[in-house]
Amino acid sequence: MSNFDYNDRSEMDSMGDELYSVPVKAGKRIYYFDVKATRGGDYYVTITESRKKQMRDGSFTIDKHKIHLYKEDFQKFGEGFKEAVDYVKRERPELFNPDGSAIGSNNSSGDGMGSSVSEDDFFKGL
């Protein structure tokens with residue numbers, strides 16, 4: 001009961017045609033990077049953080065937060081994100097392993113959806 005259903009996307013945003021989706025399991029959260037197209041043929045990306053929360057009565061709910069990232073902002077978003085991550089790594093290097101992964105994080109979930117992509121690979125093409 002503690003696993004998310006990667007295939008249950010019924011509550012996901014219906015705005016735009018979804019062309020491509022990359023789910024990234026990160027501990028108790030899943031981040032979805034969805035490429036969508038507008039009616040005019042422009043592409044944009046939605047980034048959704050999804051996490052399962054247990055309610056006081058024992059039931060579960062899915063808490064989601066979403067941002068829409070438009071193609072004209074891809075590069076600036078990537079630069080800002082990289083700058084923020086670099087700051088944390090510079091200021092608190094003791095929080096990271098030599099490979100760049102966070103100490104104490106479980107990046108090797110074994111499901112093929114862990115964060116095994118390097119930071120450099122993540123930012124290629126932005």
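Two strands pair if DSSP finds at least two bridges between them. Keep that rule in mind on this tour of a predicted model.

**Stop 1: the whole chain**

Show the whole protein as a cartoon. It has two helices and four strands. Of the 126 residues, 17% count as buried.

**Stop 2**

**Stop 2: strands 1 and 2**

Zoom in on strand 1 and strand 2. How many bridges join strand 1 to strand 2? Nine bridges do, and the two strands run antiparallel. Now pick Pro-23. Opposite Pro-23 stands Tyr-32, in strand 2.

**Stop 3: Asp-34**

Stay on strand 2 (residues 29-37) and select Asp-34, which is found there. Is Asp-34 buried or exposed? Asp-34 has a relative accessible area of 0%, so it is buried; the cut-off for buried is under 20%. Show its side chain together with that of Ser-21. The two side chains make a polar contact at 2.4 Å.

**Stop 4: helix 1**

Bring back the cartoon and select helix 1.

**Stop 5: the salt bridges**

Side chains of opposite charge can pair when their charged atoms come close. The salt bridges in this model come to five. Three of them follow, including Lys-71 with Asp-42, Asp-63 with Arg-51 and Arg-92 with Glu-94.

Select Lys-71 and Asp-42. Their side chains meet in a salt bridge of 2.8 Å, N to O. Where do the two residues lie? Lys-71 is in the loop between strand 4 (60-70) and helix 1 (74-91), and Asp-42 is in the loop between strand 2 and strand 3 (43-54), so the pair ties together parts that are 29 residues apart in sequence. Lys-71 is partly exposed, with a relative accessible area of 42%. Asp-42 is partly exposed as well, at 39% relative accessibility.

Move to Asp-63 and Arg-51. The closest N and O atoms of this salt bridge are 3.3 Å apart. Asp-63 lies in strand 4 and Arg-51 in strand 3, so this pair ties together parts that are 12 residues apart in sequence. Arg-51 counts as partly exposed, at 25% relative accessibility.

Finish with Arg-92 and Glu-94. In their salt bridge the closest N and O atoms are 2.4 Å apart. Are these two residues buried or exposed, or in between? Arg-92 is partly exposed, with a relative accessible area of 42%. Glu-94 is partly exposed at 46% relative accessibility.

Note on methods: Residues numbered from 1 in each chain as written. Predicted model: local features only at pLDDT ≥ 70, side-chain atom pairs only at ≥ 80, totals over all residues. Heavy atoms only, no water. Buried < 20%, exposed > 50% of the residue type's maximum accessible area, 1.4 Å probe, protein only. Polar contact = N/O pair within 3.5 Å; in protein donor to acceptor, adjacent residues only side chain to side chain. Salt bridge = Lys/Arg side-chain N within 4 Å of Asp/Glu carboxyl O.
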